[in-house]
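Biologist: Could you walk me through this structure, starting with the ligand sites and then going on to the packing?

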Amino acid sequence: MNVAVCVKQIPDPALPGSLDPSTHALVREGKLILDDSDAYGVEMALRLVEAAGGGEVTLVSMAPNSEQSGLRTGLAMGAHRAILVSDPALKGSDALGTAKVLAAAIKRANPDLVIAATESTDGYTGTTPVQIAELLGFPSVTFAKKVTISGSTVVVERQTESGYDDVSASLPAMVTVTAGVVEVRYPSFKGIMAAKGKPLEELKIADLGIDASSVGWAGAGQKVDAVIDAEARQAGMVIEDDGEAYAKIVEFLEQLKVI
Amino acid sequence: MAISKIWVVAEIVDGNVTTSSLELLTAARETGATVEAVVAGDGAAVAAQLGSYGASKVYSTGDLGGSLLGVPVASAIAALVGGGNTPDAILLAQTYDGRDIAGRLSVKLDRTVLTNAVGITVSGDTLVADHAVFGGSKIVKASFTGAGPFIVLVRPKSYAAEASGGAAAAVETIAVPDSGASGSATVTERHMEERTGPKLDEAAVVVSGGRGLGEAGKYSMVEDLAKALHGAPGASRAIVDAGWVPYSYQVGQTGKTVKPEVYIAAGISGATQHMVGMKGAKNIIAINKDKEAPIFGIADLGIVGDVHKVLPKLLEALKGRS
Ligand SMILES: Cc1cc2nc3c(=O)[nH]c(=O)nc-3n(C[C@H](O)[C@H](O)[C@H](O)COP(=O)(O)OP(=O)(O)OC[C@H]3O[C@@H](n4cnc5c(N)ncnc54)[C@H](O)[C@@H]3O)c2cc1C
Ligand SMILES: Nc1ncnc2c1ncn2[C@@H]1O[C@H](COP(=O)(O)O)[C@@H](O)[C@H]1O
């Protein structure tokens, strides 16, 4: 069984984010890392391929610069190969433009299953995977908390407002996984060394037959007009607990007539 | 061409239109002259409710079996648009199914989707959607550059639902084209969690616990406090991911947006993704042992202390009251 995993490489979320003053887009310069949300997808793919008794895990990523470190992390975890689409023309792509590029790249891997995260840490539109599925003509099951393969169908426990649903769909399919769905392995030293020799194919949009006018700033159907400060919430009273602070809470709740 | 006709994809749970869909109808009324609804399932059954929130018409797909809604609803809408019935904007709630429908529709109509909107306004011929970023401290205003229909996913609780007192919506049954393999995702069984007390996104009091509780067993303190205050228990993602509580308890960007009278955060640091889901609470009480925790920056009452000391005393004091 062959699985393709969408992995986004993002600025380290631990660092304070900033917006470009002219485009108002999130600044994505400098070093990028594997989005934590996608580490779950990589882990899930590795487990499904192991359970199937064979096959390959292909990582697929799109980035305006030719960043590879996030892909190397995924390869070190055990993925077999990676496809990186990087092209200056991709800068400013919206989710639909991103999906067009990723769908074209995924086609090359000819997967039985595509896995993505429910939403990315920095963009969190949560629509890219479904857009990819529609472009590929695949069914999609989002918000998966458990995934199993049974013959030519994928069976998913899908989170809902009030519990979960059992959902099945025919393969090939797209599944999006939520954080915490599986415990993610750490790359071993051996894995890190092996990753250096694994195939990483770098493509330009022309290699995928994609026109520059349909992606990047040129193809985006949206623009940012302004960034303004939201109404700030004032911090109130902060007190150190001296053993009696609970009484302050009681008093506050009484004032609010909650009790 | 200004914005005149707006479609709202209305979701139905237990036979009723969801509150977030009623919020969208309210928003749509403020935005365009004609408001119509699209319903997955039996539109006739909710025509009165939709009408009383301003929808003049409801497009009804009829029973969809157990199909996941994304593909059939998007294909039905795309078929309407393909047939010449084109709205200026299509609003959906940022929910599980809303995102699926919007993603599918975006490709079918080759239109971008603006997601996570907390407000929409008309500007000339286009729509502007507001997005809360950096924990809700900044608002990004983004607009569509191309032609409509403009597809927007709006976060629940961004608008207050207000009835308009309109007559029942006229019902039009619409065709759902066969989508073959892409439409094969089907629900085979539903599992409901047992939950008592008010719903998390409707409760007047929400008590949420985070990693600071230390271990899963201590979450019962949060449940007890919620119960004592007739509220609902919630959680940060850290403890949802850790498996202490189900995902439906999660408050924040990926979870629920709550706007209770009182929000109590126990052992929660106040990450931007958490705050964006609870910043709209009228009053916020935070208990955290780290006085530098960001949650104190938005708390009306902050207690720098150990949850294992403060919560038991608070529970004791509330015994027999409320
Ligand atoms: C794409 C994305 C989406 C996300 N969506 C959400 C979301 O919807 N909701 C959400 O909550 N998070 C979300 N997160 C995660 C978020 O970034 C934080 O990791 C999470 O909110 C942290 O949870 P926490 O506050 O419980 O844990 P921590 O950040 O670990 O904080 C624990 C706090 O407890 C305090 N503490 C420890 N011991 C005690 C004690 N004995 N008494 C009192 N205080 C104590 C500590 O001082 C600390 O401040 C998202 C992240 C990403 C990347
Ligand atoms: N540039 C990208 N490269 C690879 N995968 C991506 C990219 N953008 C989005 N994805 C995938 O789609 C998921 C949802 O992204 P988003 O729509 O931004 O919330 C991500 O978590 C990834 O799995």
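Modeller: A residue counts as near a molecule if one of its heavy atoms lies within 4 Å of it. Please keep in mind throughout that this is a predicted model.

Biologist: Fine. With that cut-off, how many residues surround ligand 1, and which are closest?

Modeller: Ligand 1 is surrounded by 28 residues, and the closest are B:Ser236, B:Val251, B:Thr254, B:Ser269 and B:Gln273.

Biologist: Why do you call the site shared between chains?

Modeller: The residues that surround ligand 1 come from chains A and B, so the site is shared between chains.

Biologist: Which polar backbone atoms lie by the nitrogen atoms of ligand 1?

Modeller: B:Val307 places a polar backbone atom 2.9 Å from a nitrogen atom of ligand 1, and a polar backbone atom of B:Gly212 is 3.4 Å from a nitrogen atom of the ligand. On the oxygen side, an oxygen atom of ligand 1 has a backbone N or O atom of B:Arg211 at 2.8 Å.

Biologist: How much of ligand 1 does the protein bury?

Modeller: The protein buries 83% of the 990 Å² that ligand 1 exposes when taken alone. In chain B, helix H6 (237-241), helix H7 (272-275) and helix H8 (307-318) are the elements that give two or more residues to the shell around this ligand.

Biologist: And what is that shell made of, by class?

Modeller: The shell around ligand 1 has 17 polar residues, six charged residues and five nonpolar residues.

Biologist: Now ligand 2. Which residues come nearest there?

Modeller: There are 19 residues around ligand 2, of which A:Asp38, A:Ser120, A:Thr125, A:Gly126 and A:Thr128 come nearest. The side chain of A:Ser120 has an N or O atom 2.7 Å from an oxygen atom of ligand 2, while a polar backbone atom of A:Gly126 is 2.8 Å from an oxygen atom of the ligand. A nitrogen atom of ligand 2 lies 3.0 Å from a backbone N or O atom of A:Met62.

Biologist: How much of ligand 2 does the protein cover?

Modeller: On its own ligand 2 has 480 Å² of accessible area, and the protein covers 97% of that. Strand S4 of chain A gives the most to the shell, with three residues, and by class the shell holds nine nonpolar, seven polar and three charged residues.

Biologist: Changing topic, is A:Thr127 buried or exposed?

Modeller: A:Thr127 has a relative accessibility of 1%, so this residue counts as buried. A:Thr127 sits in the loop between S6 and H4 of chain A, and, not counting residues up to four places away in sequence, A:Thr127 touches A:Ala95, B:Arg99, B:Gly103, B:Thr115 and B:Leu153.

Biologist: What about the largest nonpolar core, which residues have the most contacts inside it?

Modeller: That core has 42 residues, and A:Leu59, A:Val147 and A:Val177 have the most contacts inside it. Helix H1 (residues 36-52) of chain A gives the most to this core, with eight residues. Leaving aside neighbours within four places in sequence, A:Val147 has contacts that include A:Met44, A:Leu48 and A:Val175. A second, separate core of 38 residues includes A:Phe143 and A:Ile249 along with B:Ile287 and B:Val307.

Biologist: Last one: which residues are buried in helix H2 of chain A?

Modeller: Helix H2 (residues 69-77) of chain A has A:Gly70, A:Leu71, A:Gly74, A:Leu75, A:Ala76 and A:Met77 buried. The helix is followed by A:Gly78, whose phi is positive, near 135 degrees.

Terms used:
Residues numbered from 1 in each chain as written. Chains lettered and ligands numbered in written order. Predicted model: local features only at pLDDT ≥ 70, side-chain atom pairs only at ≥ 80, totals over all residues. Heavy atoms only, no water. Polar contact = N/O pair within 3.5 Å; in protein donor to acceptor, adjacent residues only side chain to side chain. Areas by Shrake-Rupley, 256 points an atom, 1.4 Å probe, with all protein chains shown as cover. Helix = DSSP H or I, 4+ residues; strand = E, 2+ residues; numbered from the N terminus. Nonpolar A, V, L, I, M, F, W, Y, C, P; charged D, E, K, R; others polar. Core = buried A, V, L, I, M, F, W, Y, C linked by side-chain atoms within 4.5 Å. Buried < 20%, exposed > 50% of the residue type's maximum accessible area, 1.4 Å probe, protein only. Contact = heavy atoms within 4.5 Å.
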